[in-house]
Amino acid sequence: MPPPLPANAPKAPADPRNLEGTWSHEQMLVFRINTDMYGDPLPYNDRGRHLMDRRVKATYVDQLPVINASAECLPPGQPWQMDLNFPFQIYQDKDVISLLFQEYHGAWHIHMNGQHRKDGKREYFGDSIAHWDGNTLVVDTANYRRSLWLDVDGTPASVNAHLTFRIRKVDLSGTKLEVVVTVDDPWYYTKPWSIVRLYAWRPDMANFSEYNCENQVGAKGGVSQYGLVPEAPEETQ
Amino acid sequence: MNHPIRLGRHARLHHTFIAIALLAAASGASAAGHPSLDGVWKLERPQSEFVPVQGQIPFTEDGRKDYEANKASGAKKEFGYDRTQTRCSSPGLPRIMLTPRLFAIHDRPQMVAMEFEWNRLARQIDLRQGQDKLPNPMQEGGLTGGGGAATMIGETTGHWEDKVLVVHTKNLSDKKLLDAYLPSGEDLELTEHIHLRDANTLEDRITIQDPANFTKPWDTVLIFKRQPGTVSQFREDICLERRNAGETPLPR
């Protein structure tokens with residue numbers, strides 16, 4: 001984990017609705033989400049449990065981890081992207097909030113007070129609309145192009161999952177960002193469940209390091225040259 | 001009965017600040033006084049090669065040799081010299097400025113960020129000076145391989161000189177090209193003068209200094225036109241998917 005922020009670091013904007021700046025996940029990376037934010041086991045249905053068991057076996061028993069979006073240099077979706085202990089920056093105006101991530105050169109655009117798109121197009125980051133509930137930014141994301149791995153071990157969310165992100169500053173100096181993620185996905189779970197993450201204000205991490213995964217993955221042989229294998233097709237909805 | 005609103009000193013200052021901010025927004029000026037570069041931009045005319053402002057490109061012997069070899073390979077559609085075309089590797093600087101797609105500028109006091117639609121790349125111009133420039137624990141500690149390794153995008157700093165953003169980039173990798181054909185040396189340094197010609201026209205004058213490939217620094221100018229809308233209109237561009245579908249990662 002990075003050292004504490006120096007005392008002379010610039011302060012976060014005092015406005016609770018101004019989320020701009022550089023942030024970084026300050027908890028240890030969770031490889032597998034076993035429980036929700038209240039400590040209850042994830043409410044898998046049979047389909048979800050079967051898929052998760054298969055992925056865990058592939059990685060830890062068979063030692064043949066399967067290919068996922070991250071490995072293919074594709075946008076892995078918000079939960080995985082935000083769980084990594086690497087910085088991201090927020091830029092916002094009244095119409096759109098952009099989260100730019102160092103890793104995977106991820107870009108998440110949150111459209112304020114809009115409606116979900118109806119043109120049938122889907123993106124890896126889904127389609128995010130948001131409004132303010134007091135000083136909490138409530139983001140509803142749907143219409144994913146590809147099912148998500150919510151963590152490194154492959155906790156799943158389907159393409160038709162609805163993910164809700166409740167984002168707010170939580171301490172008096174505004175130096176912590178809390179994000180509660182609720183996964184509503186009847187395809188894999190019996191009921192919605194939530195996790196919570198904390199992000200630290202890190203102006204010292206404002207300069208991103210380069211992430212040029214295409215230089216490796218785009219070479220002849222692609223991701224398979226690193227020992228990953230294609231996953232058996234998922235049951236489609 | 002109506003009571004006149006009485007504002008305390010703090011509230012009056014707050015309202016004054018809001019009024020100044022609104023005026024600045026209406027006039028397209030940033031809080032720091034220079035014209036804000038905020039907005040969505042696009043190359044006025046698509047181009048894949050840099051054109052010198054004056055005369056010819058002042059090649060060294062090696063620079064010309066590599067350039068002509070790249071041209072010859074490109075004519076035969078053999079692009080092994082260009083990892084952007086073959087792998088979707090980052091075009092880096094200055095080539096990313098030639099993307100024909102949209103990009104947005106987020107102009108802030110400590111950082112000017114460029115958010116490119118092309119493969120979702122971002123470029124950062126660090127405006128911090130002195131004490132504000134804290135050591136980056138992610139780079140000094142080597143967690144991400146930073147702290148000195150040359151990269152496609154390099155290390156970029158900038159400052160405002162009146163209405164011109166003066167930008168300097170160094171520590172650029174030589175495993176890329178300057179544009180579709182021009183070679184890039186390990187001592188390449190770029191200086192850019194970026195300013196608004198008018199409210200809807202952005203000029204980027206780039207000075208290229210690379211002793212391995214050019215006998216002297218030379219300038220090229222790119223013109224960008226302001227586009228309507230915001231980053232909301234950006235499509236999620238996945239270069240590898242376009243490449244795999246037979247498209248060229250960047251126009252040739």
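The predicted model scores an ipTM of 0.94 and a pTM of 0.90. Within chain B, the average pLDDT is 87, and 84% of the residues reach at least 70. Two stretches of chain B call for some care. Residues 1–27 keep a pLDDT under 50, and the model gives this segment six contacts beyond four places in sequence. Residues 141–146 of chain B are also below 50, with nine contacts beyond near neighbours in sequence. Where pLDDT is low, the predicted coordinates should not be read in detail.

Turning to the fold, chain B contains five helices and nine strands. Read from the N terminus, its elements follow the order α-β-α-α-β-β-β-α-β-β-β-β-β-α. Chain B has 252 residues, of which 36% count as buried. Of the contacts in chain B that link residues at least 6 apart in sequence, 59% bring together residues at least 24 apart.

The two chains meet through 37 residues of chain B and 38 residues of chain A. On the chain B side, the elements that supply two or more residues are helix α3 (83–87), strands β3 (111–116) and β4 (122–126), and helices α4 (137–140) and α5 (239–244). By residue class, this side of chain B consists of 16 nonpolar, 14 polar and seven charged residues.

Helix α4 of chain B also holds B:Gln139. Is B:Gln139 buried or exposed? B:Gln139 counts as buried because it has 20 C-beta neighbours inside 10 Å, and 20 is the number from which a residue is called buried. A handy distance for orientation is the one to B:Lys65: the C-alpha atoms of B:Gln139 and B:Lys65 lie 36 Å apart, with a sequence separation of 74 residues.

With strand β4 (residues 107–112) of chain A, β5(A) pairs in the parallel sense over three bridges, and A:Ile110 stands opposite A:Ser128 of β5(A). With strand β6 (residues 136–142) of chain A, β5(A) pairs in the antiparallel sense, here over seven bridges. A:Trp132 faces A:Leu137 of β6(A) across this pairing. The hairpin of β5(A) and β6(A) has two residues between the strands, and A:Gly134 adopts a positive phi near 65° in it.

How values were computed: Residues numbered from 1 in each chain as written. Chains lettered and ligands numbered in written order. Predicted model: local features only at pLDDT ≥ 70, side-chain atom pairs only at ≥ 80, totals over all residues. Contact = placed C-beta atoms within 7 Å. Helix = DSSP H or I, 4+ residues; strand = E, 2+ residues; numbered from the N terminus. Nonpolar A, V, L, I, M, F, W, Y, C, P; charged D, E, K, R; others polar. pLDDT = per-residue confidence, 0-100. Buried ≥ 20, exposed ≤ 12 C-beta atoms within 10 Å, placed from the backbone. Pairing = 2+ DSSP bridges.
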